[in-house]
Amino acid sequence: MKNIVIVGGGAGGIELATFLGDKLGKGEKAKVTLVDRNATHLWKPLLHEIATGVLDDGVDSLSYRAHGKNHHFSFEQGSITRINREQKYVELAPVYGSEGDMLVIARRIPYDYLVLAIGSKSNDFNTKGVADNCIFLDSADQALRFQEKMLELFLKFSENRALDDIGEAEFKQKLVDEHKVNIAIVGGGATGVELTAELYHAAEDLSSYGYGKIDNSCLQVTLVEAGPRLLPALPEDLSAAVLSELQEMGADVRLNTMITEAQPNTLLTKEGEEIKADLIVWAAGVRTSKVTQQFDGLEINRINQLVIKDTLQTSNDDSIFAIGDCAALIQPNGKPVPPRAQAAHQMAKACAKNIEAIFTNKPLKAFKYNDKGTLVSLSSFTALGSLTNKFAKNPLTVQGRLAQFAYVSLYRMHQHALHGCIKIGLIILVDKINHYLKPRLKLH
């Protein structure tokens with residue numbers, strides 16, 4: 001029996017494991033193994049909502065082991081450290097517990113066909129101090145760390161305001177009037193923009209959960225972007241509309257502002273300005289982990305992505321595929337396939353069909369990326385974006401309820417790929433029920 005190993009359980013990896021498990025694993029045509037450093041899957045575009053407590057990671061995360069049982073693939077927890085292409089195995093690092101004790105030793109997982117779907121992480125561009133003084137929203141753990149710090153800041157603020165309300169010393173009034181919860185976000189892409197909006201949404205809700213007199217005026221978000229506008233993937237008029245919406249919420253948006261150093265609670269700009277903040281998030285750019293440099297000579301580009309052919313096979317090894325953010329594929333128009341969830345979804349589907357074709361001795365097909373457009377959600381305030389219009393040259397601009405529906409549909413498509421029609425219907429029903437049963441924000 002052939003061994004198919006998929007490394008990375010993100011949007012593309014888990015969809016691919018689900019498809020191949022149902023198609024090949026169920027009939028014992030192949031053994032399908034999914035590898036990931038975490039025990040659970042969470043759709044990465046949801047991380048900004050986990051960070052603000054709008055979503056509960058305990059409800060929206062998915063156990064790899066339980067999902068594998070239902071879809072005929074096995075799961076190995078661990079981080080890949082290297083590949084041996086001659087002997088065809090991947091090596092995994094040991095797994096350690098919360099107290100530093102080793103739970104699982106280093107292992108070698110043999111493969112006949114290997115799919116690398118290890119995703120991407122924020123790119124700090126080697127900016128001094130960023131790694132030590134900023135939070136990266138690359139994982140659920142980081143999102144939860146952000147949420148914990150955010151709630152601590154609002155609690156501290158509300159207690160100071162409460163002291164003022166009961167007539168404490170005069171300097172307390174000055175403290176409350178001058179101080180806000182200051183959060184700085186570097187990066188004007190989707191993550192930075194959506195996190196900014198969610199923070200103002202959270203500030204509106206916190207007062208109803210015992211945090212005192214808190215509203216948007218108590219929060220100051222500074223969104224820093226090195227380029228001339230937010231969301232460069234959107235048309236300029238929509239980018240301007242997003243800027244206007246964020247400024248109306250109260251955000252201080254700094255365009256054409258490059259960060260040269262991050263210090264504790266301070267960002268330094270190229271012009272020498274200091275941006276003070278109680279909490280700093282770095283969400284600028286993406287890159288692949290340097291671990292790809294240990295992949296036994298597989299070709300990589302300058303940001304460590306794996307160079308692949310249009311069949312999604314790596315450029316110098318046909319038994320190894322790469323999909324999602326870690327894959328570098330140049331389209332016929334000369335542009336790379338962008339690191340987006342929709343690209344990972346499409347690649348997973350195409351890769352599954354090509355691997356299935358290998359087992360049925362059929363030719364592999366070239367992958368063609370179908371850009372369906374760009375959508376951004378500004379929390380409960382609004383949503384907007386542009387959708388590809390097959391009947392006209394220019395994309396279709398959408399805003400408001402239609403855009404919010406389209407935005408939510410992207411996640412539902414991912415859930416449908418994992419669970420099928422019946423289960424996705426039940427999931428939607430449960431989500432509607434939880435909307436009435438549970439608090440609007442997760443506060444623990």
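Student: Which residue in E18 does glutamate 261 stand opposite?

Tutor: The model is a predicted one. In it, the residue opposite glutamate 261 is leucine 268 in E18. The strands concerned are E17 and E18, which run antiparallel and are joined by four bridges. Strand E17 covers residues 259-263, and strand E18 covers residues 266-269.

These two strands belong to an open sheet of three, ordered E17-E18-E19, with antiparallel pairing. Strand E17 and strand E19 (274-276) each have a single partner strand and stand at the edges, so one side of each is left without a neighbour in the sheet. From one strand to the next, the twist averages 20°. As background, strands of a sheet pair through backbone hydrogen bonds, and the arrangement may be parallel or antiparallel.

A separate feature of the model is its second largest pocket, with a volume of about 1600 Å³. The lining of this pocket comprises 37 residues, and those nearest its centre are Glu49, Val54, Leu55, Asp431 and His435. Helix H3 (57-60), helix H8 (190-206) and helix H11 (400-437) are the elements that give two or more residues to this lining. Of the elements, H11 gives the most, with 14 residues. Sorted by class, the lining of the second largest pocket holds 15 nonpolar, 12 charged and 10 polar residues.

Methods
Residues are numbered from 1 along each chain as its sequence is written. This is a predicted model: local features need pLDDT of at least 70, side-chain atom pairs count only at pLDDT 80 or more; totals for chains, interfaces and linings use all residues. Side-chain values use heavy atoms; hydrogens and water are left out. Two strands pair if DSSP finds at least two bridges between them. Axes are lines fitted to C-alpha atoms, for helices over the stretch in contact, and angles run from 0 to 180 degrees between N-to-C directions. On a 1 Å grid over the protein atoms alone, a cavity is a set of points where a 1.4 Å probe fits but cannot get out, and a pocket is an open set with protein on both sides within 12 Å along at least five of seven lines; lining residues have an atom within 4 Å of a point. Grid points are joined across faces, edges and corners, and a volume is the space filled by probe spheres set on the points. Ala, Val, Leu, Ile, Met, Phe, Trp, Tyr, Cys and Pro count as nonpolar, Asp, Glu, Lys and Arg as charged, and the others, Gly among them, as polar.
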